[in-house]
Amino acid sequence: MIKAFVSYSAQDAAFVREVASEIGRAFAKIDYRAFSAGEHLLETMDETIRASAAFVLFLSKSALASSWVRHEIREARFQHAMGRIKNVLVVRMDHTISPEDLPDWLNRTKHITTISAKPAAGESTRTP
């Protein structure tokens with residue numbers, strides 16, 4: 001089982017990759033490592049979320065605007081409701097995002113606010 005599926009906007013990729021290097025490849029499926037070119041991206045993404053024990057959302061204004069991230073959030077909600085995803089962590093990268101900007105189910109999950117990779121990595125490894 002994959003420990004965590006990491007959802008983020010492409011605009012936040014540098015920060016997420018920095019966090020990924022802190023926690024190591026065994027912990028998380030990051031799209032640039034997990035999905036091969038030519039695969040049916042949406043199906044592969046959904047299968048990867050389904051196989052994950054945790055969902056980590058790197059939340060920024062660009063993530064909220066991303067149709068891919070919105071799809072990942074919807075799939076994670078379903079998998080969480082089905083009991084497959086046990087833990088959810090929202091890493092707020094922008095303190096101006098309010099709870100009203102998120103779906104209700106995400107407001108009932110663990111949140112941290114940081115712009116530093118080390119705290120995000122540390123919290124991500126404690127989530128599952």
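**Surface patch and ring pairs**

Reader: Which residues make the nonpolar surface patch?

Author: Leu41, Leu42 and Trp68 make a nonpolar surface patch of about 280 Å², where a patch takes residues with over 30% relative accessible area and no salt bridge, nonpolar side chains being joined within 5 Å. A salt bridge here is a side-chain nitrogen of Lys or Arg within 4 Å of a carboxyl oxygen of Asp or Glu, and accessible areas come from the Shrake-Rupley method with a 1.4 Å probe. This is a predicted model, in which local features need pLDDT of at least 70 and side-chain atom pairs count only at pLDDT 80 or more, while totals for chains, interfaces and linings use all residues. Residues are numbered from 1 along each chain as its sequence is written, and side-chain values use heavy atoms, with hydrogens and water left out.

Reader: Where is Trp68 found?

Author: Trp68 is found in helix H5, residues 67-81 (helices are DSSP runs of at least four residues, strands of at least two). Trp68 counts as partly exposed because its relative accessibility is 42%, given that buried means under 20%, exposed over 50% and partly exposed in between.

Reader: Changing topic, how many aromatic pairs does a search of the whole structure find?

Author: The search finds two aromatic pairs, meaning rings with centres within 6.5 Å, called stacked with planes under 30 degrees apart, edge-to-face over 60 and tilted for the rest. The rings of Phe5 and Phe55 are stacked, because their centres are 6.2 Å apart and their planes at 5 degrees.

Reader: And are Phe5 and Phe55 buried or exposed?

Author: Both Phe5 and Phe55 are buried. The rings of Phe15 and Phe58 form an edge-to-face pair, since their centres are 6.0 Å apart and their planes at 75 degrees.

Methods
Patch = residues over 30% accessible without salt bridge, like charges linked within 9 Å, V, L, I, M, F, W, Y side chains within 5 Å. Buried < 20%, exposed > 50% of the residue type's maximum accessible area, 1.4 Å probe, protein only.
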